[in-house]
Amino acid sequence: MLSALSRVLPPPTYLTMPSVGLDISDTSLKYVEFEPSTNAAAPKKIKRWGDIEIPADIVRSGDINDAQKLTAVLKEFKREVKTEYVRLSLPEERAYLFETEIKSNTSLKEVRGLLEFRLEENVPIPSRDVLFDYTIMPNQEDSKVTQVAVAAYPRETIQKYYEVCLGAGLFPLSFEVEAQAMARAVVSPDMTGAVMLVDFGKTRTGVGIVYKGSLLYTSTIDIGGNQLSQVIRRVKGNDLSEAEVTNLKNTEGLHRGVDSSDVRDALITTVSIIKDELATRMQYWHLRSDLKNRKISSLVLCGGSANLKGLPAYLSETLGVPAARGNVWENVFSLYDTVPPISRRVSLGYATAIGLALKNSV
């Protein structure tokens with residue numbers, strides 16, 4: 001059953017149409033589309049993918065500041081991809097997530113009504129101004145209650161993204177929290193415990209906690225790769241190109257070698273702030289989650305800035321939890337059988353778009 005958040009306005013017949021996963025951030029628009037297939041379990045084949053720059057200040061912290069200019073970017077995307085149907089990510093900064101319980105024998109017809117009453121307790125805006133979706137989590141057969149994960153957004157936020165799409169001649173089939181789409185790409189169905197997703201982007205770091213495939217927590221750290229670039233330029237010189245700075249991040253980074261000690265010393269202060277913020281969120285999660293199997297068992301790193309050399313090892317050592325860069329093809333195909341057209345480093349920035357594209361197979 002799809003809610004207003006999942007289906008907003010398009011008719012149900014649209015849901016059968018091939019669509020493109022479209023991840024809109026403050027700085028870029030990334031897209032991925034798989035070849036249509038009638039077998040959802042079969043390995044996917046990438047039909048097309050790409051990245052279009054979004055000029056500064058058109059989108060800021062997920063809020064659309066200039067709808068007309070963003071519509072122009074989306075028109076460029078449509079000309080390039082020649083598609084009509086898209087699945088969009090929504091900014092984590094605007095999301096409200098909460099978890100609640102309902103009786104296990106509650107009918108699907110009653111669930112939405114019950115959750116609407118609980119919006120006022122968990123979302124600090126009037127329920128009439130909210131659109132929400134929910135996921136019924138896996139439960140033991142003999143349990144008397146069922147856990148439900150709810151994601152809510154201000155109606156105004158979704159309406160803005162919907163209208164810029166229509167203005168560009170695009171029809172959104174669904175909207176989804178960034179971290180939930182990312183989880184669909186990088187979290188294995190066999191993974192146990194809770195997983196912390198760390199989306200290390202250019203302007204900020206998104207944090208999501210996923211348990212049994214459901215996104216239960218999200219927040220944002222206002223530090224991204226751009227701050228690391230500024231730190232490196234202060235040490236190595238302001239005349240460095242962005243490509244040269246990126247190369248220093250990816251080849252020296254947090255490495256303890258003698259030749260790269262100045263870069264590491266410059267970066268470590270900024271990276272340690274991110275580490276402290278992650279530690280605070282882990283502590284909060286563990287205090288509110290009384291079940292042992294909900295403890296965070298691993299960190300999965302995504303986003304272009306997750307390529308920083310030594311970052312997984314540093315976070316593993318300082319946070320005491322295994323950290324690794326995500327495999328964005330985890331639920332797409334086996335890397336033993338398929339060589340993806342996107343390099344490993346570049347692919348980390350496409351996790352959300354891939355997860356959105358996978359929604360066609362769910």
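**Exercise 1. How do the residues of the lining of the second largest pocket divide into nonpolar, polar and charged?**

*Basis.* The model is predicted, with local features requiring pLDDT of at least 70 and side-chain atom pairs counting only at pLDDT 80 or more, while totals for chains, interfaces and linings use all residues. Residues are numbered from 1 along each chain as its sequence is written, and side-chain values use heavy atoms, with hydrogens and water left out.

*Solution.* 
1. On a 1 Å grid over the protein atoms alone, a pocket is an open set of points with protein on both sides within 12 Å along at least five of seven lines, a cavity is a set where a 1.4 Å probe fits but cannot get out, and lining residues have an atom within 4 Å of a point.
2. The second largest pocket is lined by 44 residues; Lys-30, Gly-201, Lys-202, Gly-304 and Ser-305 lie nearest its centre.
3. Ala, Val, Leu, Ile, Met, Phe, Trp, Tyr, Cys and Pro count as nonpolar, Asp, Glu, Lys and Arg as charged, and the others, Gly among them, as polar.
4. The lining therefore divides into 14 nonpolar, 17 polar and 13 charged residues.
5. The volume of this pocket is about 960 Å³, a volume being the space filled by probe spheres set on grid points joined across faces, edges and corners.
6. Helix 7 gives the most to this lining, with four residues. Helices (H or I, at least four residues) and strands (E, at least two) are DSSP runs numbered from the N terminus.

**Exercise 2. Determine which residues line the largest cavity, and classify them**.

*Solution.* 
1. The structure holds one cavity of 30 Å³ or more, and the largest cavity contains about 50 Å³ of space.
2. Its lining consists of Val-198, Phe-200, Val-271, Ile-274, Leu-278, Leu-301, Leu-311 and Leu-315.
3. The division is eight nonpolar, no polar and no charged.

**Exercise 3. Describe the open sheet and identify its edge strands**.

*Solution.* 
1. The five strands follow the order 3-2-1-6-10, with mixed pairing; two strands pair if DSSP finds at least two bridges between them.
2. Strand 3 (46-53) and strand 10 (171-177) are at the edges; each has a single partner strand, so one side of each lacks a neighbour in the sheet.
3. Strand 6 (residues 85-90) and strand 10 run parallel and are joined by six bridges. Within this pair, Leu-88 has Phe-175 of strand 10 as its bridge partner.
4. Helix 5 (residues 178-186) lies across strand 1, strand 6 and strand 10, at about 90° to strand 10. Contact means heavy atoms within 4.5 Å. Axes are lines fitted to C-alpha atoms, for helices over the stretch in contact, and angles run from 0 to 180 degrees between N-to-C directions.

**Exercise 4. Classify the packing of helix 5 against helix 11, and of helix 6 against helix 7**.

*Solution.* 
1. The axes of helix 5 and helix 11 (residues 351-358) come within 7 Å and cross at roughly 80°.
2. Helix 5 is therefore roughly perpendicular to helix 11; angles under 35 degrees count as roughly parallel, over 145 as roughly antiparallel, 65 to 115 as roughly perpendicular and the rest as oblique.
3. The residues of this contact comprise eight nonpolar, two polar and two charged.
4. Helix 6 (residues 225-236) packs on helix 7 (residues 242-251) at about 95°, with the axes 10 Å apart.
5. Helix 6 is thus roughly perpendicular to helix 7.
6. Among the contact residues are Leu-228 and Ile-232 of helix 6 and Val-245 and Leu-248 of helix 7. The contact divides into four nonpolar, two polar and four charged residues.
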